[in-house]
Amino acid sequence: MSASADRPPFLDLPPLVALGGTVRLPGSKSISNRVLLLAGLAEGTTLVHDLLASDDTAVMLDALRTLGCTVTPSATPGGPLAVTGLGGRLAVKEADLFLGNAGTAMRPLAAALALLAARQGTTGAGFRLRGIPRMHERPIGDLVEALRPLGCQVACTGTEGYPPLALSGPGALALDASIRVRGDVSSQFLTALLLALPLVAEDRALQVEVQGELISKPYVEITLKLLARFGIAVEREGWQRFTLPAGSRYRSPGAVHVEGDASSASYFIGAAAIAAVDAPLRIEGVGADSIQGDIRFVDAARAMGADVTMEANALLVKRGAWPLKAVDLDCNAIPDAAMTLAVMALYAQGTTRLSNIASWRVKETDRLAAMRAELTKFGATVIEGPDFLEVTPPAGAWQRAALHTYDDHRMAMCASLAAFNPLAPGAAGQPAVAVRVLDPGCVAKTYPDYFADFLALVTPQAGAVPVITIDGPTASGKGTLASRVAQRLGYHHLDSGALYRACALAAQRAGIAPDDEPALAALAAALPLRFEGGRAWLGTPGEDVTDRLREEAIGQMASQIAALPALRAALLDWQRRCRRAPGLVTDGRDMGTVIFPDAQLKVFLTASAAQRAERRHRQLAAAGVSATLPALLADLEARDARDRSRSSAPLKAAEDARQLDNSALSIEASVEQLLRWWDDAQGGAPHGPEHAPAA
Ligand SMILES: Nc1ncnc2c1ncn2[C@@H]1O[C@H](COP(=O)(O)OP(=O)(O)O)[C@@H](O)[C@H]1O
Ligand SMILES: Nc1ccn([C@H]2C[C@H](O)[C@@H](COP(=O)(O)OP(=O)(O)O)O2)c(=O)n1
C-alpha cells in the first residue's frame with residue numbers, strides 16, 4: 001500500500017476550466033468495513049450489495065477469511081458478496097492478521113478478537129494484528145486500556161499503546177462495572193467496543209461510558225444504525241453512556257446495501273462548487289437519506305457558496321456564490337471531508353479557518369502538516385495551528401507544484417481540485433499551471449478509480465491536454481515505447497496503426513476492395529471501433545479483434561489502404577478526439593506531422609532494418625508464427641518504402657521531432673530517454689522536493 005513499482009510515480013493534471021455530467025460513487029468505506037465485520041461475526045449468510053472494492057476492504061476480507069468466514073463473490077459482475085459469519089464462535093484460535101493501514105479493520109477486529117479470545121481461549125501465539133509502518137504509529141492505547149480492565153489479554157508487541165497487538169486467552173471477563181473508553185482522540189475506539197461487545201452480552205446488559213467529549217459523533221451514529229440492522233438495539237444517553245441490552249445477539253439481516261461514500265462525494269461537491277458553471281453535476285449514491293455523517297459536508301460546501309439540491313440518494317451540485325466565500329468553521333463532525341474545504345479555500349476571497357481538527361494528526365499521515373506543506377507550494381499562505389488550519393489563496397499567479405500525497409488517499413483526491421486554477425479569482429489573466437500529483441495510486445485505499453472518474457467529468461483549458469507523438473518505421477518499437485510511456489504518465493495511448501488495421505479488417509469483412517477509395521472512406525468515417533482495457537473492440541456491442549488486427553495479411557492490407565488520402569481524412573477527427581485529459585501518447589507514421597502538429601513532444605523512432613527484422617522475427621516466433629528473416633526484411637523494406645513514398649502523409653520526421661535510434665538501446669533505456677525529454681519539454685520537473693518530508 002505504499003508506493004510500489006507498478007504504481008505510476010506521478011500524474012500531471014492539465015489546467016481545467018469546467019466540470020459536468022454524472023458520477024456514481026463507490027461504496028462507503030466506513031459502512032463497508034463495519035458491515036463486513038458484522039456479517040463476519042453474525043450467524044448465517046449476509047449478501048452485501050455495492051461493497052467498496054479497495055485496499056481497506058481487501059484487508060478486512062482477508063482477515064475474515066483467515067478467521068474462518070466463508071466469503072463468496074457473486075457470479076455476476078457487480079453482484080453481491082456473500083459472507084457467512086462465525087456466529088460468535090471462533091473457528092480458529094490462532095492467526096496472524098495483516099491489516100495494512102486500515103484503522104476501520106484494526107480497531108474493531110482488535111476488540112472483537114480480544115473478547116472472543118478471553119471467552120473461548122487461544123492456542124499457540126493467539127491472534128496477532130499488524131499493519132504497514134504508519135499503522136504502527138497510529139495510537140490504539142485508549143482501546144487497549146478499555147479492554148484490559150475487562151480481563152482481556154492484550155499485548156502491544158512493539159511500542160506500548162500502538163499496534164502490533166497480540167491477543168490471547170482464556171481469561172475471566174469482568175463485565176459488571178461500566179466499561180470506560182476515551183472518546184476525545186478518536187471515536188473509532190468506542191465504535192470498536194460497540195461492535196465487539198454484543199459477542200459477550202448474552203446473559204447481561206453491558207454499559208459503556210465515554211470519558212471526555214466524544215469527537216466525530218456521526219461515525220458512532222453509523223455504528224449504531226448498522227448494529228440495529230444486525231439485531232442489536234443500543235440505548236444511549238446523550239453521547240456519554242451506551243447500553244447493550246441483555247440477550248443481545250447478532251442476527252444477519254440477510255442482505256445489506258452499502259450506500260455511496262459521502263467522504264468521496266466531497267471532492268465532486270467541491271469541484272462542482274468551483275467549476276460546474278452551466279449545469280449541475282449529478283452525484284449518485286448518497287443524498288438526503290444517507291446515514292453517513294460526512295453528508296453534512298453539504299452544509300459546509302453551501303456555506304462556501306455551493307448550490308446543492310438533495311434527492312434521496314443523489315446530489316445535484318453547481319457553482320453558486322463566486323468567488324467562494326471564506327468561512328470560519330468547526331469541522332469536528334466532518335474531519336475527513338473537511339480536508340476538501342482546505343483546497344476549496346484556494347478559490348475563496350479571504351482567509352478560511354478550519355478548526356477543531358486535531359484528529360487530522362493521527363490519520364493516514366499528519367494531515368495538518370501535510371496540507372500546510374502542499375498548499376503552500378502553489379503560493380497560498382497557510383497557518384497550521386495545533387488543531388486548526390488557516391488558508392489564504394495565492395495573491396496572483398499560482399506556482400507549478402508537485403504535490404506529495406504521503407500515502408494518504410485523501411491528500412491525493414484533494415490535490416485534484418487544484419487543477420481548476422485557471423478559474424481562481426486571484427489568478428485571473430495569469431498563466432495556469434498543470435498540477436503534479438505524486439503517487440496518485442494511493443487513492444486505492446478507498447477509491448481506486450478516482451482519477452479516471454474525475455477526469456471523465458472535466459473540460460481542460462483549450463490546448464492544455466498534452467500529447468506526445470512517436471512516429472517511425474515498422475517494428476522500430478513505437479507501440480512498445482508508447483504504451484510504456486503512457487503507463488508511466490497515466491496517459492491514454494492511441495496506437496494509430498491499429499486504427500488502419502481495423503479499417504482493413506472491416507473492409508475485408510464488408511467485401512470492399514483495397515482500391516475502392518470512396519467506399520473505404522465512408523467505412524472509416526463511421527468505424528465502430530473502441531479501445532478499452534488494452535483491447536480493440538469492433539462493431540456494436542463489440543467483438544474483441546485485438547489478435548486479428550496483428551495478422552500479417554491485415555497488416556499488408558492496412559499498409560495498402562493507408563496510402564488513400566480520403567481514408568486518411570476520414571480518420572482525422574477520430575484520432576484527434578483521443579486527446580483527452582490527463583494526456584495522450586500516440587504512435588504511428590504522421591502523428592507529429594499531420595494529426596497533432598502542436599504536440600508538446602515529438603519523437604521519431606528508428607532502428608536499423610536488420611534490427612527491426614530481427615525484433616519482428618522474435619515477436620512472431622513468440623506468437624507461434626513461423627517466418628524467415630530474409631522474407632521479413634524484404635517485407636519490412638517494402639512497407640517502409642510504401643509508407644515513405646506515398647503522397648498523403650508520408651512517413652517522415654516532423655521538423656521539430658527528436659530523433660531516437662534505439663538499435664542499441666533497451667526498451668527501458670528508451671523509456672527513460674523519452675521521459676527525460678518530456679521533463680525538458682515542460683521546463684523541468686515542477687517545484688517540490690522529490691521525497692515526502694518525514695512524517
Ligand atoms: N528498444 C528496443 N530494444 C529491443 N527490442 C525492442 C525495443 N523496442 C521494441 N522492441 C521489440 O520489438 C518488437 C516490435 O515492437 P513494436 O512496438 O511492435 O513496434 P512498432 O509499433 O514500431 O511496429 C516488439 O517485440 C518489442 O518488444
Ligand atoms: N499513423 C499511421 C499508422 C499506421 N499507418 C499504416 C502503416 C502501416 O503499414 C499500417 C499498420 O500500422 P502498424 O503501426 O500497426 O504497422 P506495423 O506494426 O508497423 O507493421 O498502417 C499509417 O499510415 N499511419
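Author: A crossing is right-handed if the near helix is turned clockwise from the far one by less than a right angle, and left-handed if anticlockwise. This is a predicted model: local features need pLDDT of at least 70, side-chain atom pairs count only at pLDDT 80 or more, and totals for chains, interfaces and linings use all residues. Residues are numbered from 1 along each chain as its sequence is written, with chains lettered from A and ligands numbered from 1 in the order written.

Reader: In which hand does H1 pass H3?

Author: Helices here are DSSP runs (H or I, at least four residues; strands E, at least two), numbered from the N terminus. H1 covers residues 29-41 and H3 residues 103-120, and their axes come within 10 Å. The crossing is right-handed.

Reader: At what angle do the axes of H1 and H3 cross?

Author: Axes are lines fitted to C-alpha atoms over the stretch in contact, with angles from 0 to 180 degrees between N-to-C directions. The helices H1 and H3 cross at roughly 25°.

Reader: Which residues of H3 make the contact with H1?

Author: Contact means C-beta atoms, placed from the backbone, within 7 Å. H1 brings Lys 29, Ser 30, Asn 33, Leu 37 and Leu 41. H3 brings Thr 104, Ala 105, Pro 108, Leu 109 and Ala 112.

Reader: Which strands stand at the edges of the open sheet?

Author: Its four strands run in the order E5-E6-E4-E15, with mixed pairing (at least two DSSP bridges between two strands). Two of them have a single partner strand each, so one side of each lacks a neighbour in the sheet: E5 (70-72) and E15 (255-257).

Reader: Which residue in E6 stands opposite Thr 70?

Author: E5 and E6 (residues 81-84) pair in the antiparallel sense over three bridges. Opposite Thr 70 stands Thr 84.

Notes. Two residues are in contact if their C-beta atoms, placed from the backbone, lie within 7 Å.
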